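Q: Could you take me through a model step by step, so that I learn how to read its features for myself?

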Amino acid sequence: MNLKHSVLIGLLITVIALITWEIYWRNQGFTPTLDDNEALWAVQRAKVDNLSKEDVVLVGSSRVHFDIQLDEWEKKMGEKPIQLAAGGCSPLPVFHDIVNNSSFNGTILVGVTPGLFFSTTFPKAQPWAWPQARVDYFHNRTYAQQLNHFFSLPLQNSFTFISETEGVDGINLKELLMKVHINDRVVDPMPPFHTFEEIRLDRNVRMLKRMETDTAFANTVKRVWKFFMSGEGPPPDKKATMSFFLSDLEKFKARGGKVILLRCPSDGYLRDFENNVTPRATFWDELVQKANVPAYHFEDYTQLQNLTIPEWSHLTADDADIFTNEFLDILIKDQVLNPSKSN
Amino acid sequence: MLFNSISFIVFLIIVLALYYAPILNWVAKKRMLLFSSYVFYGLWNPPLVILLWISTLVDWTAGKKLAIETNNRKRKLWLLLSMFVNLGFLGFFKYGNFLLENFTALLNTIGIEFQARPMDIILPMGISFYTFQTMSYTIDMYHKRTERARTFLDFALYVTFFPQLVAGPIVRAQDLISQFYEAKKATINQFLWGVFLLTIGLFQKVVLADTLLSNTADDVYGAGKVLHGLDAWTGTLAFSGQIFFDFAGYSTCAIGIALMLGIILPDNFRYPYAAIGFSDLWRRWHISLSTWLRDYLYIPLGGNKHGIIRMYVALMVTMLLGGLWHGAAWTFVVWGALHGIYLVVERLLRSKIHIKINAFNGVFLALLTYTLVNFTWVFFRAREFSTAKNMIASMLFINDGGEKIVPSFDILKVFVLITLLFICHWMMRNTSMKEVSLKTPAWVLGVVWGIMLFLIAISQGSGEQFIYFQF
């Protein structure tokens, strides 16, 4: 047995196969991207414990994640906020965690996507379980996990094939195998859901340009929203969610913290659905009245309207820049937030 | 730290560089290995290293006293101290909540109203493994079956040696400590064979267990529904493969990493799914645990020296406790009980029926053994008895109209993979990977090696924890 020959042949095959694999996926239009996983989120969450009263933390779902652009915020306000919003998530578990497990007493901007904010407080329901999993990961992460994340970042940034993306755009072996179907024994009714954003180390998200130029691509995402809206999901639990939020809010206010509520734009079928299931008067307006904090609904400001929302829910990258600037101008005008003195 | 993580690869490279750099003498290398082992463990939860230290100190002291003490009563007390501390740790950290739950249930059953809040206890990773390993030293010292460790450093390294610290193999003192007495250095071939074993172990874990099988097993056992028989079988077969590849993968990595340092660890698996009967199975599955249970539980309970009834009782007690060792839940006890019953029935049959094993009846009996093993895995994997009951009923095709949740491709994938696994185990039954590799041309081995590395690279995601860490 000549293991020296074997190891050389093995390494050669591995290197050639990986280079080929990488080139293949790049030719298919994939690029190296960071994964918006729990480890990346936890890095940002850890920063909250060291923030000052002047700092801002963003919590919410994908709309705040897409629509608030951290670079624009930094240009205008002098400091970047911490981005803790995440897709499909209710903001309540993360808000609860910051209020109860940190001493932060600055400003928390809470994104209110009605279908998620008022959805549930049931721990196993997805809008709650997903953000709670991130919170739990942060509190339980080991040093080994932190090291893994640290070492994996340059690899994620360099190689397309290193990807945790799930679903139709997943390209690791497990995801590729999950896309193989040989008959209809079990049918997944959900339409294919493409990734349509790219994320940075600071968790700033920007919509891919393809969403603006490729209507068919945008339509795939619209079909997914329609699928979610057409299902017989549980009705919103306004009472429980509002009571949970208001209780944490009082606690946060009592220690000097400030909260801003933000309803980001939506459009088309999705907006109609939201107006129908979670009408503004009985959900948003009631929340604002009970919370008694600065609150901003896009419908109340012409400058926050008529922006491009290719798939009815999130702004294009350029319009997210505009939205962020306009929204900050409103906050500054209302003296809710002030640019830092160094800016 | 997990073997299937990038931080471990970096850690291993640093350890190997320090180990083979001509800057440290052997004692310094052992100190470095010990320190690295604490880092390896501490990166998971630093304060729990203290448990390792306590276990090490107690058993070192007990071993030292047992080596010189002649008074039998005092010798027994030293042994009891070691067992009290190690089993105490195990009892508190692993079984604390289980005991509390059952105590509460018992009181409620007899009409006493009592509610207890579950204790917030972290299960220290690998505690079942290192406590059993260090106890084996003290018990062997008590029975004068092993020599006292020459230095505290050798003993501490024996308890903490990172390749096998958290999931075995559970190594006996005489097999490992003596290897630390003289400078060790792997030959080039040993080193490369160690790298090959590490690759195979990672391939088993990352590609076969996590990528190809875990989803199906998780979906089936997490469905919370009465399932179609085919789905129940697919999920159980997937789990049988997953747990084998997960655990054997860890052991193979551990053996490979130790070999890269010139240290030889014993085999922990010998193609168990080709076992003919359950005695054979336990000579092939988790060998270091089954021999531990045999030597430190079954034989002290009487073994086969005190008549048939006592032997069966000893066997059942050993398997029940073996089940409980795997997890603090009654489902694990049932798993152990089933294995105990299988062993008892097998011995009864062997005393009545004598079969000459040949290739044809051998395959049939191996398949029968594997089928019966799958029924035990149901209790091992199911979190509740209701799930286990539904799964067993579906596997026996008693449930009418169970739901279909596994896609056809997944069924095909699992059946093909498990068939290949069984064939591979059957063909390898009486040989070893080393023997086969010696007969294999270097280029073939290289191609296999390359394919495995490639598949590991394109599978690797966030890095799943090894199942046996929770035990």
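Q: How should confidence be read, and what is the mean pLDDT of chain B?

A: Where pLDDT is low, the predicted coordinates should not be read in detail. This is a predicted model, and in chain B the mean pLDDT is 91, with 98% of the residues at 70 or more. For the model as a whole, the scores are ipTM 0.89 and pTM 0.91.

Q: How many residues of chain B are in contact with chain A, and which helix of chain B gives the most to that side?

A: The size of an interface is often given as the accessible area lost when the parts come together. Here the description is by residues in contact: 40 residues of chain B meet 35 residues of chain A. On the chain B side, H1 (6–20), H8 (188–221), H16 (408–428), H17 (433–439) and H18 (442–459) each supply at least two residues, and H18(B) gives the most, with 14 residues. By class, this side of chain B has 26 nonpolar, 13 polar and one charged residues.

Q: At roughly what angle do the axes of H12(B) and H13(B) cross?

A: The axes of H12(B) and H13(B), the latter spanning residues 330–352, come within 7 Å and cross at roughly 150 degrees. Because angles over 145 degrees count as roughly antiparallel, H12(B) is roughly antiparallel to H13(B), and the crossing is right-handed. Among the residues that meet are B:Tyr312, B:Leu315 and B:Met316 in H12(B), and B:Phe332, B:Trp335 and B:His339 in H13(B). The residues of this contact of H12(B) with H13(B) comprise twelve nonpolar, six polar and no charged.

Q: How do the axes of H11(B) and H12(B) cross?

A: Helix H11 (residues 287–298) and helix H12 (residues 308–326) of chain B have axes that come within 10 Å and cross at roughly 125 degrees, which makes H11(B) oblique to H12(B). Their crossing is right-handed. In H11(B), B:Leu293, B:Leu297 and B:Tyr298 meet residues of H12(B) that include B:Ala314 and B:Leu321, and the contact of the two helices divides into six nonpolar, two polar and no charged residues.

Q: In what order do the strands of the open sheet in chain A lie, and which stand at the edges?

A: The five strands of chain A lie in the order S2-S1-S3-S6-S7, with parallel pairing. S2 (82–83) and S7 (295–297) of chain A stand at the edges with a single partner strand each, so one side of each has no neighbour in the sheet. Within the sheet, S3 (residues 107–111) and S6 (residues 258–263) of chain A run parallel and are joined by five bridges, and A:Leu109 stands opposite A:Ile260 in S6(A).

Note on methods: Residues are numbered from 1 along each chain as its sequence is written. Chains are lettered from A and ligands numbered from 1 in the order in which they are written. This is a predicted model: local features need pLDDT of at least 70, side-chain atom pairs count only at pLDDT 80 or more; totals for chains, interfaces and linings use all residues. Axes are lines fitted to C-alpha atoms, for helices over the stretch in contact, and angles run from 0 to 180 degrees between N-to-C directions. Helices (H or I, at least four residues) and strands (E, at least two) are DSSP runs, numbered from the N terminus. Angles under 35 degrees count as roughly parallel, over 145 as roughly antiparallel, 65 to 115 as roughly perpendicular and the rest as oblique. A crossing is left-handed if the near helix is turned anticlockwise from the far one by less than a right angle, and right-handed if clockwise. Two residues are in contact if their C-beta atoms, placed from the backbone, lie within 7 Å. Ala, Val, Leu, Ile, Met, Phe, Trp, Tyr, Cys and Pro count as nonpolar, Asp, Glu, Lys and Arg as charged, and the others, Gly among them, as polar. Two strands pair if DSSP finds at least two bridges between them. pLDDT is the predictor's confidence in each residue, from 0 to 100.
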